[in-house]
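Please keep the sequence and the structure in view while working through the questions.

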Amino acid sequence: MMNKVTTIPDNITPHRRWHWQDNLWTLGLYGTAVGAGTLFLPVEIGTRGPVIFLVMLLLGLPLSLMPHLLLCRVYMREEQTEKGTLPIFGSFFSGRGAKLITLFYCVTFFPVTLVYGVALINALDNFLVEHLHITAINRGPLSFIVVAALYVVLSKGRDRVVAIMSALALPFAASVLLIAVSLIPHWHLSNLTGAAADMKATPLPVTLKNIWLTLPLITFSFCCAPMVSPLSASYREKKSEGESKALFVIRIAYIAIFTSIIFFVLSCVLSIPHDSFLRAKAENLNVLSVMKGNGDFNLMYHVAPLIAIIGMTKSFLGVGLSVAETFGQLAASVSGKKASISKRMASLALFLLTFGIVYADPDVLNLIETFCGPLIAVILFLIPAYLIYTRPVLAQLRGVTVWLVILGGLATLSALLWTMF
């Protein structure tokens, strides 16, 4: 039987029944989206030029809000086969198809946790060496300790992880906005005019390629899709005013996500020298790790890396929550062993794989552009649209919005083709 979707009566608007749990989910969505991707955006835009910022300004909100709302609507109509399971399209497929779509979900979002893990270790290592002058800890033990601590937190369950993320999201959001505001006296329009002058000498095909490859970065940086699954499950299981409330929470979260990211990126691009962005890209660092101490910047020089570490941590937990739960469910369904044993083995496998790749330190921006962004586009844009036009139970969702989501998904996914030629 399909679970009944709870809706808010016409005479009651969602905000009149706003509860504390709604605050936690709003901050959870914000915390998942605003983190590592946000801190790498200024690096990418600072090295590619102002046209990329303009593309983000125009496309960032529609490329993020519309597909997330559509994804939530699909999840809310998914049949719950087992109490406590997360909606990830499984009930819309049968038998092996359900397992394959679950596996694809894990393959899509697990690399995102790797991006956050690599960024976290790099930021922490940079802080220990450059700020605290501690060189005795090498990357191996540091990676093991940090990744182990993150997986211990994930093992505490959905409610505990969301609560921890929410606690981290608020100070991180305040810190990011404070940094952006504190940079205003150091804004230099020459950063944009100089970059614009350089772009005039750049061949048009190169500029178009940069715009093209920015779409996966936008999709990644504004994405909180992993948190939409547990959010949908929570509102469906607790019947907390159902679908309308869940959609309202997403809209509120995205107002905060979009405005804070745009303001932060603009402030960084206008105040940080181009050479610092080049250094960050070459050394696999986020923008807060390359802020220099200079006069009034001394406090920021010491505090910014700590803020970056908080951001990476909460983003890892936000994405890792759904990946760990989903992979554990998949392992339990195919292993034939007790669910608790299967989930522990799955968690151990994820931990070991995460530790190994984080220690190897791959290029995170390249990973975002060529792998994470395009695969997220499949989950976020294309699979929901495919289901809407092939499953009768989702027919009421068909319309212009779905086609706009499809176009955005195809454009983002096409960036993957660049690496093939």
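The questions below concern a predicted model.

Q: How many helices and how many strands does the secondary structure of the protein chain come to?
A: The protein chain has 421 residues, and buried residues make up 54% of them. Its secondary structure comes to 15 helices and 0 strands.

Q: Is Val 161 buried or exposed?
A: Val 161 is found in helix 6, which covers residues 158-182. Not counting residues up to four places away in sequence, Val 161 touches Val 153, Leu 154, Leu 317 and Leu 321. Buried means a relative accessible area under 20%. Because the relative accessibility of Val 161 is 0%, this residue counts as buried.

Q: How far apart in space are Val 161 and Leu 317, C-alpha to C-alpha?
A: In sequence, Val 161 and Leu 317 are 156 residues apart. In space, their C-alpha to C-alpha distance is 6.9 Å.

Q: Why is the pair of Tyr 151 and Phe 316 edge-to-face?
A: A pair of aromatic rings is described by the distance of the centres and the angle of the planes. Ring centres must lie within 6.5 Å to pair, and planes over 60 degrees apart count as edge-to-face. The rings of Tyr 151 and Phe 316 have their centres 6.0 Å apart, and the pair is edge-to-face because their planes are at 80°.

Q: Which helices hold Tyr 151 and Phe 316?
A: Both Tyr 151 and Phe 316 are buried. The pair ties together parts that are 165 residues apart in sequence, because Tyr 151 lies in helix 5 (residues 139-154) and Phe 316 in helix 12 (residues 298-335). The helices asked for are helix 5 and helix 12.

Q: How far apart in sequence are the parts tied together by the pair of Tyr 151 and Phe 351?
A: The ring centres of Tyr 151 and Phe 351 are 6.1 Å apart and their planes are at 75°, so this pair is edge-to-face. Tyr 151 counts as buried at 9% relative accessibility, and Phe 351 counts as buried at 11%. Since Tyr 151 lies in helix 5 and Phe 351 in helix 13 (residues 339-360), the separation of the parts in sequence is 200 residues.

Q: Which residue lies over the face of Phe 93?
A: A charge sits over a ring if, for Arg, its CZ is within 6 Å of the ring centre and within 35 degrees of the ring normal. At 5.3 Å from the ring centre of Phe 93, the residue over the face is Arg 391.

Q: How many disulfides does the structure hold?
A: A disulfide needs two cysteine sulfur atoms within 2.5 Å. For Cys 223, the nearest cysteine sulfur is that of Cys 224, 6.4 Å away, and Cys 223 is in no disulfide. For the structure, the number of disulfides is 0.

Technical notes:
Residues are numbered from 1 along each chain as its sequence is written. This is a predicted model: local features need pLDDT of at least 70, side-chain atom pairs count only at pLDDT 80 or more; totals for chains, interfaces and linings use all residues. Side-chain values use heavy atoms; hydrogens and water are left out. Helices (H or I, at least four residues) and strands (E, at least two) are DSSP runs, numbered from the N terminus. Buried means under 20% relative accessible area, exposed over 50%, partly exposed in between (1.4 Å probe, protein chains only). Contact means heavy atoms within 4.5 Å. Rings of Phe, Tyr and Trp (its six-membered ring) pair if their centres lie within 6.5 Å; planes under 30 degrees apart count as stacked, over 60 as edge-to-face and the rest as tilted.
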